[in-house]
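Consider the chain shown here, and follow it from one end to the other.

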Amino acid sequence: MSDTVTDKALAERVTAAYEQYFKQSPEVATSAPGRVNLLGEHTDYNGGFVLPMALRGLGVGVAIGRGPEPGVVRAYSDTFHDAETRNIGENAVGKWSDYVLGSLKAVAEPEVAETGVQIALITTLPMGAGLSSSAALEVGTLRAVTALYAKQMSAVDLAVRARAVENGYVGMPCGIMDQFASSVGEPGTALFLDTRTLDHDTVPALPGHSFVIVESGVSHQLTEDGYATRVSECNAACKALGVELLSDLGIGDLERIAAIEPLLGRRARHIVTDNQRVLDGVTALRTGDAARFAQLMIDSHASQRDDFEITVPETDAIAAGALEMGALGARQTGGGWGGAIVALVPNTALADFGEAITSRFPKTRVLAIT
């Protein structure tokens, strides 16, 4: 089992859900947090830098026990009030249980084939908010099944396995940031990650300030064409520029980037500049420079909007409105096309900020303050 800190409240809630549905106690109950990304969007599958933060109190709880039928996976979601029965040998079929089944297959297919499992899930993460509910589900399931069968796995290895589930089984061509933040990250501190080498370090938050996560009310579905199209465009930009990954390029290459086909040039420019913003953001956090970090957030949102084209009018308006309501910086966070924004707010302005933004944008809600 990987080293982890379980959210006790989530573990208790999912234990109760398991007992209510399966009429017995689980053998293991654990959890995995969601994440908010502070800087570095779509840089992970380009081998770049990211700066996420694991969330306290927002995550997925997983309870598991051996089942009555060999090879049969009985999965119950308290959140969806839905149950699905699958066989461990099945391929993905486009259901929520794919994430569970893929995670079980990744580390314990022979064991599940022998014993079967029963698994219950509960989440406090809103679906489609860009806070990595799928990654938390994968990481939580992997934590639970490795504990159930007494398998040893480091937090980093678990993140790698979780990403493989999403890429190879579910079919989502994401990078490793979400799974890494959920498995390795610590709530309350940022996680600086080089996605090419997996070198990582914790970075302190800004004293006297908080990151406020605001759900936009516009849900996103990253398995639709948009995300895969951006991956394809980044690959095409690599070919045009003669590099393996866009993270091979730096700020000094912007003139060369500007010379390729305009759309591909914009995509590459976002990756290169957001990579640099992560590095600058780590410095700003470590030196306590809130104003500098805030400006990097603003610049990152503009780059997502203009160069990578993954924002929507609603998140553009909410990010701009947040600045008018006391936030120092704000940006869309997550894979894009909706989801949530994250705003850097002085603690002295927190009380008024939440009320102001939800009053002006009635479809929004404040999900977390960290």
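Helices and strands are here DSSP runs, a helix having at least four residues and a strand at least two. The model is predicted.

The UniProt record, an unreviewed entry, places the annotation "domain: Galactokinase N-terminal" on residues 17–56.

Backbone angles come next. Most residues other than glycine have a negative phi. H42 has a positive phi, near 65 degrees. H42 sits in the loop that runs between β1 (28–39) and β2 (49–66). Its relative accessible area is 3%, so H42 is buried. H81 also has a positive value of phi, in this case near 50 degrees. The loop that holds H81 lies between β3 (72–77) and β4 (82–87). Is H81 buried or exposed? With a relative accessible area of 64%, H81 is exposed.

The unreviewed UniProt entry also carries the annotation "domain: GHMP kinase N-terminal", which covers residues 99–185. Over residues 99–185, 66% of the chain is helix and 8% is strand. The end C-alpha atoms of residues 99–185 are 21 Å apart.

Two helices, α3 (residues 133–148) and α5 (residues 177–184), pack with their axes 8 Å apart and at an angle of about 50 degrees. Angles between 35 and 65 degrees are neither roughly parallel nor roughly perpendicular, and α3 is therefore oblique to α5. The crossing of α3 and α5 is right-handed. On the α3 side the contact is made by A135, A136, E138, V139 and R143; on the α5 side, by D178, Q179, S182 and S183. Three of these contact residues are nonpolar, three are polar and three are charged.

A further pair is formed by α10 (residues 313–324) and α11 (residues 350–360), which pack at an angle of about 140 degrees with axes 10 Å apart. Why are α10 and α11 called oblique rather than roughly antiparallel? Only angles over 145 degrees count as roughly antiparallel, so α10 and α11 are oblique to each other. Their crossing is right-handed. From α10, the contact residues are I318, G321, A322 and E324; from α11, they are F353, I357 and R360. The contact of α10 with α11 has four nonpolar residues, one polar and two charged.

Definitions and conventions. Residues are numbered from 1 along each chain as its sequence is written. This is a predicted model: local features need pLDDT of at least 70, side-chain atom pairs count only at pLDDT 80 or more; totals for chains, interfaces and linings use all residues. Side-chain values use heavy atoms; hydrogens and water are left out. Axes are lines fitted to C-alpha atoms, for helices over the stretch in contact, and angles run from 0 to 180 degrees between N-to-C directions. Angles under 35 degrees count as roughly parallel, over 145 as roughly antiparallel, 65 to 115 as roughly perpendicular and the rest as oblique. A crossing is left-handed if the near helix is turned anticlockwise from the far one by less than a right angle, and right-handed if clockwise. Contact means heavy atoms within 4.5 Å. Ala, Val, Leu, Ile, Met, Phe, Trp, Tyr, Cys and Pro count as nonpolar, Asp, Glu, Lys and Arg as charged, and the others, Gly among them, as polar. UniProt positions are given in the numbering used here, feature names are shortened, and annotations may be inferred rather than shown by experiment. Buried means under 20% relative accessible area, exposed over 50%, partly exposed in between (1.4 Å probe, protein chains only).
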